[in-house]
Amino acid sequence: MSQQPHFIREEDVKRLLKWEEVYEAVKVALLSAASTESYSQPARSFTAASQSGLLLSMPCYLGDYQLPVLSGNKSYRTLACKLVTSFVHNATRKPPLPKIMGNIFLFHPDTGALEAILEATDITAWRTACASLVATQCLYFDTRLRHQDVILSIVGCGVQGRIHSIGMCTTFPFTEIRLWNRTESRATELARELTELAINFKNPSIKITVHATVESCLDTTDVIVIATSSPNAVIERQHLKDDVHINAIGAGEVHHAEIHQNIYYVAKVYVDHWEGAKTELKELKAEIVGLVGEVLSQKKPTPSCGITIFQSLGMALEDATTAQLIFQKYKMTHE
């Protein structure tokens, strides 16, 4: 009789997530996407389900990689697929359901047998934030930290703005974090949460401020996270100083809509994987310099000045390495 697959619920996933561990797992994925190692990551596919539903499929395979935070030199191979459903009317149901639901399926790489199903809401949020953390480290902190006071600005305080705020402040010694949201009460709510969490931050004395305008939020800032669903530009060149790094998370229909074209004209753009860039950024009028993984592996030079943008697309490899991390940790306590 075949063994039943593990089902790892969101509460267990949340308990097992650690910033430094997910950072390393996502770093592995970014490096792999920039290498000739054994991996396969076809473009994501969309399946319409009635007029209001959508199924997103993100499969991948990654062979012979290591997760040092788990077991030193042990190698892993991961065959995985994330399935995400989006049904716009779920919120009006009784009882209401989330609009977006996702699960990651892990299969045995030799037999194809299903080994685990992981609820993916927190994994998706954390791996997206950690991709920005890795990009911020290699595109800003590694070469451009020339002063002690480093300011972080969060433009858009929704799900991704929140998790990026926590991840950034846990990982880097920012002296100030500035928050802006179209609805100011959400920024104020996030500021209260960050104040409570500050004891665990890299700089527990970080200054936390809420701003009424984008202009004041971005004035002289060093690192930006912009995570909105706006179909129109929220930030423009005149808002920025000459040396700044931007993590563009863009949850809108067009990934690059929230940043004005006059920024893209002068910026160097980096992405996580070419498969997504070729389809999702084909209308982008900007120089895509390369992959974050290419900078990490020194195949591309590290930028030393100017405006850089990490255009976050998200990829199945990030889901796979993070899910493998959580699965291995789960088995340590349940077998």
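The legends below walk through several close-up views of this predicted model. Residues are numbered from 1 along each chain as its sequence is written, and side-chain values use heavy atoms, with hydrogens and water left out. Because the model is predicted, local features need pLDDT of at least 70 and side-chain atom pairs count only at pLDDT 80 or more, while totals for chains, interfaces and linings use all residues.

**View 1. The largest nonpolar core has 78 residues.** A nonpolar core is a set of buried Ala, Val, Leu, Ile, Met, Phe, Trp, Tyr and Cys residues joined through side-chain atoms within 4.5 Å; buried means under 20% relative accessible area, exposed over 50%, and partly exposed in between (1.4 Å probe, protein chains only). Look for Leu152, Phe174 and Leu179, which touch the most other members. Helix α4 (residues 121-144) gives the most to this core, with 13 residues; helices (H or I, at least four residues) and strands (E, at least two) are DSSP runs, numbered from the N terminus. A second, separate core of 27 residues includes Trp180, Ile246, Tyr264 and Leu313.

**View 2. Helices α4 and α11 (residues 316-334) cross at roughly 115 degrees.** Their axes come within 10 Å; axes are lines fitted to C-alpha atoms, for helices over the stretch in contact, and angles run from 0 to 180 degrees between N-to-C directions. On the α4 side, the contact (heavy atoms within 4.5 Å) is made by Ile123, Thr124, Arg127 and Ala131. Helix α11 brings Glu318, Asp319, Thr322, Ala323 and Ile326.

**View 3. Threonine 221 sits in the loop between α7 (214-218) and β11 (223-226).** Is this residue buried or exposed? Threonine 221 counts as buried because its relative accessibility is 2%. Leaving aside neighbours within four places in sequence, threonine 221 is in contact with Ile151, Leu152, Ser153, Arg178, Lys241 and Val244. Aspartate 222 has its place in the loop between α7 and β11, and counts as buried at 1% relative accessibility.

**View 4. The peptide bond from lysine 94 to proline 95 is cis.** Its omega is near -5 degrees. Proline 95 lies in the loop between β5 (75-87) and β6 (100-107). Most residues other than glycine have a negative phi, and most peptide bonds are trans.

**View 5. Aspartate 64 has a positive phi of about 55 degrees, although it is not a glycine.** You can find aspartate 64 in strand β4 (residues 53-66), where it counts as exposed because its relative accessibility is 55%.
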